[in-house]
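This briefing covers one protein chain, from its overall make-up down to single residues. Please read it alongside the sequence and the model.

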Amino acid sequence: MTQWIDWASIGSFLSHVAVGLGLLFIGVMVFELTTKFNDRELIKKGNVAVALKLWGKGIGLAIVIFTVWSNSLNLIDATLWGVVGIITQVVAYWVIEFIMTPKTSLAKKVEEGNVAVGVTLFAASVAVGLIVAGSLTY
C-alpha cells in the first residue's frame, strides 16, 4: 500500500527547515559579532582566512543542528539545543584565542589573511561541532 505525505508532515518539515536555517543565520551573525572587523567586507575583498574562520563555525553549527533535529523531542527542544550549539562555538573560539594561544591574536592573523590560521580555526570549529553533536545524542 502506498502512503502519502500528510499535511502535518509537510508542516513539521517546513518548520524544522525554517528554524534550522534561522538558527544558522543567527549563529553566523553572532559569530561575526565576536570579531572586531567586518567579516562580510573582508570576504568580499577575497580574504580566504576570514571565510574559512566564519564558515567553519557555520558548518560546525550545522552539524549540531543536524544532530539536534535527529534526536530532539520536539521543535522547542531542538531550538534550545541549537542555541547551546551557538554558545558552544563562541566559547570554543574564545578558549582557542585567549587560553590556547594567549600571545597570538588569531583574529588579527585572520584579518591579515593568514590562511594557515583560517584553516586551523575552520578545522577547530568543525571538530567542536562534531564533539557537541556527539554529546547531544541522548
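The model is predicted. Its protein chain has six helices and zero strands, in the order α-α-α-α-α-α along the sequence.

**Whole chain**

- Taken along the principal axes, the C-alpha atoms of the protein chain fill a box of roughly 65 × 30 × 25 Å.
- The protein chain has 138 residues, of which 37% count as buried.
- Its accessible surface is about 8300 Å², and carbon and sulfur atoms hold 72% of that area.
- Among contacts in the protein chain with a separation of 6 or more, 72% are between residues 24 or more positions apart.

**Helices H1 and H4**

- Two packed helices are described by the angle between their axes and the distance between the axes.
- For helix H1 (residues 7–33) and helix H4 (residues 75–100), the axes come within 10 Å and cross at roughly 20°.
- Angles under 35 degrees count as roughly parallel, and H1 and H4 are therefore roughly parallel to each other.
- The crossing in which H1 passes H4 is right-handed.
- On the H1 side, the residues that meet H4 are Ser15, His16, Val19, Leu23, Ile26, Gly27, Val30 and Phe31.
- On the H4 side, Leu75, Thr79, Gly82, Val83, Ile86, Gln89 and Val90 meet H1.
- By class, this contact of H1 with H4 is made up of nine nonpolar, six polar and no charged residues.

**Glu32**

- Helix H1 also holds Glu32.
- Glu32 has a relative accessibility of 11% and so counts as buried, the cut-off being under 20%.
- Apart from neighbours within four places in sequence, Glu32 is in contact with Phe37, Asp39, Arg40 and Leu54.

**Ala133**

- Ala133 is placed in helix H6, which spans residues 115–135.
- With a relative accessible area of 4%, Ala133 is buried, because this value falls under the 20% cut-off.
- Beyond its neighbours within four places in sequence, Ala133 is in contact with Ile63, Val64 and Thr67.
- Ile65 lies 68 residues from Ala133 along the chain, and the C-alpha atoms of the two are separated by 7.9 Å.

Key
Residues numbered from 1 in each chain as written. Predicted model: local features only at pLDDT ≥ 70, side-chain atom pairs only at ≥ 80, totals over all residues. Heavy atoms only, no water. Helix = DSSP H or I, 4+ residues; strand = E, 2+ residues; numbered from the N terminus. Buried < 20%, exposed > 50% of the residue type's maximum accessible area, 1.4 Å probe, protein only. Contact = heavy atoms within 4.5 Å. Axes fitted to C-alpha atoms, helices over the stretch in contact; angles between N-to-C directions. Parallel < 35°, antiparallel > 145°, perpendicular 65-115°, else oblique. Left-handed = near helix turned anticlockwise from the far one by under 90°. Nonpolar A, V, L, I, M, F, W, Y, C, P; charged D, E, K, R; others polar. Areas by Shrake-Rupley, 256 points an atom, 1.4 Å probe, with all protein chains shown as cover.
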